[in-house]
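Biologist: Could you take me through one part of this protein slowly, as I am new to reading structures? I would like a close look at the surroundings of the ligand.

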Amino acid sequence: MKKIIAFAAGALLASATGIALAQAQHSEQDAKTLAKDVCSACHGPEGHSISPVFPRLAGQQRGYIIVQLDAFRNKTRGDPNAQAYMWGMASQLSDAMIKALATYYVGQAVGLMNAEQSARSVVYDFMRDYADAVERLSGTLAE
Ligand code: HEC
């Protein structure tokens with residue numbers, strides 16, 4: 001009888017571990033899909049944002065991402081952009097998904113933008129500098 005119980009307990013443990021592993025893999029894949037389909041709309045492909053409004057996530061520290069997503073979810077990080085963009089987003093995320101997303105972004109190499117992205121960011125910087133210059137100029141002319 002003892003042997004049967006030990007065997008049953010072992011089998012249960014093995015299947016529980018199997019389930020946990022399957023879930024871990026599952027959320028890793030889900031995180032990748034979510035990052036590509038949703039987060040990238042603002043944070044750029046693989047988290048390589050080229051916008052000053054949307055922070056870069058690629059290569060960010062894992063712990064930092066987890067803390068921030070948690071803070072958006074708890075509404076303790078509440079500046080206007082956090083409220084407008086991230087509160088709703090984070091409210092949909094489970095702890096496991098937050099961790100999996102953080103793992104995904106930490107794994108995206110920093111500074112490895114492809115040629116198209118870096119060209120776009122050069123153009124973007126130029127346009128911003130240009131807009132600033134025009135603004136300064138019109139300010140000067142108005143004086
Ligand atoms: C509609 C645009 C939008 C989408 C989609 C979006 N975010 Fe954000 N996210 C923002 C903005 C804007 C901020 C900066 C908020 C602020 O200024 O406090 C931000 C901030 C963050 C931060 C904090 C970064 C830092 O440097 O402090 C993390 C982490 C983050 N987002 C993760 C995600 C993840 C993961 C997803 C997908 C599930 C996602 N975001 C989807 C707009 C977005």
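Modeller: Happy to! Let's begin with a term: a residue counts as buried if 20 or more other C-beta atoms lie within 10 Å of its own. By that rule, 16% of the 143 residues of the protein are buried. Please keep in mind that this is a predicted model.

Next, the overall layout. The protein has five helices and zero strands, so its elements, read from the N terminus on, run α-α-α-α-α. Among contacts between residues at least 6 apart in sequence, 65% join residues at least 24 apart.

Now to the part you asked about. The ligand has 20 residues around it, and C39, C42, P55, N81 and A82 come nearest. Which helices supply this shell? Helix 1 (2-43), helix 2 (62-74) and helix 3 (80-91) each give at least two residues. Helix 1 contributes the most, namely six residues. Sorted by class, the shell around the ligand holds 16 nonpolar residues, three polar ones and one charged residue.

Returning to burial, the buried residues in helix 4 are I98, A100, L101, A102, Y104 and Y105.

How values were computed. Residues are numbered from 1 along each chain as its sequence is written. This is a predicted model: local features need pLDDT of at least 70, side-chain atom pairs count only at pLDDT 80 or more; totals for chains, interfaces and linings use all residues. A residue is buried if 20 or more other C-beta atoms lie within 10 Å of its own, exposed if 12 or fewer, and partly exposed in between; C-beta atoms are placed from the backbone. Helices (H or I, at least four residues) and strands (E, at least two) are DSSP runs, numbered from the N terminus. Two residues are in contact if their C-beta atoms, placed from the backbone, lie within 7 Å. A residue is near a molecule or strand if its C-beta atom, placed from the backbone, lies within 6 Å of it. Ala, Val, Leu, Ile, Met, Phe, Trp, Tyr, Cys and Pro count as nonpolar, Asp, Glu, Lys and Arg as charged, and the others, Gly among them, as polar.
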